[in-house]
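Look through the sequence and the 3D structure shown below. Then work through the exercises, reading each solution step by step.

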Amino acid sequence: MIIRKSDEVSRSPVRRFPVPRNFGMDRQSRIGRGKTWPAPRGAKHVKAFDVYRYDPESGENPRIDRFRVDLDDCGSMVLDALFWIKDRVDSTLAFRRSCREGVCGSCAMNMDGTNWLACTRFISDLGDPARIYPLTSRSIIKDLVPDLTDAFAQYELIEPWLQTRSPEPETERLQSADERSRIDGYYECILCFCCTSACPSHWWNPRRFLGPAALLHAWRWLTDSRDEATEERLDALEDPFRLYRCHTILNCTRTCPKGLNPGKAIAEIKRKMLERRG
Ligand code: SF4
Ligand code: SF4
Ligand code: FES
């Protein structure tokens with residue numbers, strides 16, 4: 001009888017390598033079980049929220065607290081549930097928010113495994129328990145508040161303002177309707193960094209690859225007919241890491257809560273680089 005290689009493999013005992021739990025992970029990544037808070041007495045429609053908690057000043061590891069939210073006493077968005085928890089159960093819960101209508105970008109977090117805005121995600125879209133974590137791959141300042149210092153530094157690096165070389169016109173710098181439409185799909189970015197936090201290439205090179213949010217803005221200025229710094233902008237991106245670490249995985253486009261397409265913006269920059277080379 002001929003024994004094929006695949007048969008040998010399938011008959012061999014399963015080998016398990018006893019990698020210790022939390023092996024080699026830094027403290028922010030070692031998550032333990034936290035407190036479980038009961039539902040209010042008499043609540044009829046209750047949903048559990050497992051929420052990431054971390055306070056670096058406490059000296060303790062992060063933990064997951066379970067809160068049981070009374071849905072009859074709470075608005076319909078995840079941000080409403082976080083307010084409910086903060087107001088009624090644990091006032092120490094930290095999260096960012098401002099506009100409450102998907103405009104400021106500050107309530108970006110990871111819900112059931114996807115980066116999105118807490119103010120525009122319906123509670124009913126999440127499982128039970130709903131899993132609420134901070135934005136992926138960022139250092140954590142406290143609870144659901146990520147450190148975005150590097151992300152904004154990368155945004156600044158692309159010089160996100162209009163740059164001109166020609167003399168000032170008497171009136172404003174005009175655009176045709178067609179020229180104006182070229183920044184549609186880019187100027188709407190609210191800098192929530194859901195995309196950059198979801199980008200595997202950025203996880204591996206967080207300092208050197210600019211990431212989808214900054215690159216989308218780079219294209220927003222490259223495609224603006226009034227901007228006259230095209231060559232300098234392309235020179236700044238002509239680098240093995242800043243632009244070319246994008247491998248078109250498109251996590252960024254899938255997770256953008258404003259429906260934008262950073263992957264396309266990056267492809268447009270690469271196309272312009274090629275055109276320039278001739
Ligand atoms: S398309 Fe590029 S920027 Fe977007 S997630 Fe993939 S690698 Fe990151
Ligand atoms: S492109 Fe979308 S996901 Fe990325 S920062 Fe802008 S709005 Fe947020
Ligand atoms: S609070 Fe402003 S986008 Fe959610």
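This is a predicted model: local features need pLDDT of at least 70, side-chain atom pairs count only at pLDDT 80 or more; totals for chains, interfaces and linings use all residues.

Residues are numbered from 1 along each chain as its sequence is written, and chains are lettered from A and ligands numbered from 1 in the order in which they are written.

**Exercise 1. Describe the protein chain as a whole.**

Step 1. Begin with the elements: the protein chain holds ten helices and eight strands. Helices (H or I, at least four residues) and strands (E, at least two) are DSSP runs, numbered from the N terminus.

Step 2. Turn to burial: 31% of the 278 residues count as buried. A residue is buried if 20 or more other C-beta atoms lie within 10 Å of its own, exposed if 12 or fewer, and partly exposed in between, with C-beta atoms placed from the backbone.

**Exercise 2. Locate the largest nonpolar core.**

Step 1. This core has 55 residues, and among those with the most contacts inside it are Val78, Ile132 and Leu215. A nonpolar core is a set of buried Ala, Val, Leu, Ile, Met, Phe, Trp, Tyr and Cys residues joined through C-beta atoms within 7 Å.

Step 2. Helix α7 (residues 211-222) contributes the most to this core, eight residues.

Step 3. At least three residues of the core come from each of domain 1 (31-146) and domain 2 (149-163 + 181-277); these bounds come from an automatic or database domain assignment.

Step 4. Not counting residues up to four places away in sequence, Val78 touches Met111, Ala118, Arg121, Ile123, Leu126 and Ile132. Contact requires C-beta atoms, placed from the backbone, within 7 Å.

**Exercise 3. Why does Arg226 count as partly exposed?**

Step 1. Arg226 sits in the loop between α7 and α8 (230-237).

Step 2. Arg226 counts as partly exposed because it has 16 C-beta neighbours inside 10 Å.

Step 3. Leaving aside neighbours within four places in sequence, Arg226 contacts Leu162, Thr164, Arg173 and Gln175.

**Exercise 4. Describe the shells around the two ligands.**

Step 1. Around ligand 1 there are 14 residues, of which Cys199, Pro212, Cys246, Ile249 and Cys252 come nearest. A residue is near a molecule if its C-beta atom, placed from the backbone, lies within 6 Å of it.

Step 2. Helix α10 (262-277) gives the most to this shell, three residues.

Step 3. Ligand 2 is surrounded by 14 residues, the closest being Cys189, Cys192, Cys195, Ala213 and Cys256. The largest share of this shell, three residues, belongs to α7.

Step 4. The shell around ligand 1 divides into eight nonpolar, six polar and no charged residues, and that around ligand 2 into 13 nonpolar, no polar and one charged. Here Ala, Val, Leu, Ile, Met, Phe, Trp, Tyr, Cys and Pro count as nonpolar, Asp, Glu, Lys and Arg as charged, and the others, Gly among them, as polar.

How values were computed. Two residues are in contact if their C-beta atoms, placed from the backbone, lie within 7 Å.
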